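Trainee: Could you walk me through some side-chain contacts here?
Mentor: Happy to; let's look together.

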Amino acid sequence: MKPNSIRLRSLPVSQFPVLSKSQLATRNPHRHIATSKIPPPTPFVPDSKTFLSLIGRNLSQHAAKIPTWESLFSLTSVQLRKLGVEPARTRRYLLWWRERFRKGLYGIGGDLKDVKDSVAHVRVVEIPRERSTGAPTGPDGMRKVVVNLPPDVPVTESRLRRLKPVSGLKVLGARMIAGPFVEPMKGTSGSVATIKVQEGMWEQRRGQKVDGGERRKVQVRRKRRLEEIRKTRV
């Protein structure tokens with residue numbers, strides 16, 4: 001036998017591990033996403049078309065392929081590919097946002113309850129200190145927060161008990177609402193504003209590829225070094 005040669009021998013079938021159905025399922029998680037819980041729509045996101053529009057990356061063009069809320073949260077990656085949702089990174093992005101929504105992780109406006117025709121009103125109110133976090137505190141122990149309440153609805157103590165501060169918005173200065181996609185109403189000094197459903201409100205921007213991205217980075221940089229060496233020798 002040569003010193004560097006290796007002799008291979010076959011193993012009996014009994015020595016190979018037998019995987020259960022649950023173990024096999026974990027090898028391809030996209031096949032079993034359909035069994036996950038379908039969350040209810042929200043007032044700000046009432047249907048699949050709005051969801052696809054909010055998350056951006058031109059996914060709204062596939063609204064006709066995913067017409068119902070149930071299909072939005074039950075289609076697998078393979079099924080989305082067959083429907084023509086391309087490229088693969090777009091499907092991964094859709095599945096990623098779908099799971100976030102399933103867990104109650106929304107973009108701006110996702111927690112709004114009082115929404116009409118895709119528009120929600122927000123306003124600054126004062127509530128007791130213990131009912132809010134991180135908002136400016138006045139000398140009387142009250143805090144100014146932004147809540148989802150139309151301007152023509154009176155502010156009552158019972159109504160304030162049910163309201164929660166809107167996530168992602170804050171009060172600047174005396175009574176000015178600050179946050180993304182906020183449109184102040186005229187004559188209110190910024191204390192009353194609207195938030196409207198817009199294309200790409202929740203979009204997560206893709207990072208810029210450097211040297212061809214992770215897959216081609218080594219190759220691109222090597223070619224660049226070789227080119228620099230070649231130029232120095234000329």
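Mentor: First a convention: helices (H or I, at least four residues) and strands (E, at least two) are DSSP runs, numbered from the N terminus. This is a predicted model, where local features need pLDDT of at least 70, side-chain atom pairs count only at pLDDT 80 or more, and totals for chains, interfaces and linings use all residues. Residues are numbered from 1 along each chain as its sequence is written, and side-chain values use heavy atoms, with hydrogens and water left out.

Trainee: How far apart in helix 5 are Glu99 and Arg102?
Mentor: Glu99 and Arg102 form a salt bridge, with closest N and O atoms 2.8 Å apart. The term needs a side-chain nitrogen of Lys or Arg within 4 Å of a carboxyl oxygen of Asp or Glu. Helix 5 covers residues 88–102, and the two lie three residues apart in it, so their separation is about one helical turn.

Trainee: Is Arg91 buried or exposed?
Mentor: Arg91 meets Glu86 in a salt bridge (2.9 Å, N to O). Buried means under 20% relative accessible area, exposed over 50%, partly exposed in between (1.4 Å probe, protein chains only). Arg91 has 8% relative accessibility, so Arg91 counts as buried.

Trainee: What kind of pair do Trp96 and Trp97 make?
Mentor: Rings of Phe, Tyr and Trp (its six-membered ring) pair if their centres lie within 6.5 Å; planes under 30 degrees apart count as stacked, over 60 as edge-to-face and the rest as tilted. The structure holds 11 aromatic pairs. For Trp96 and Trp97, the ring centres are 5.5 Å apart and the planes at 70°, so the pair is edge-to-face.
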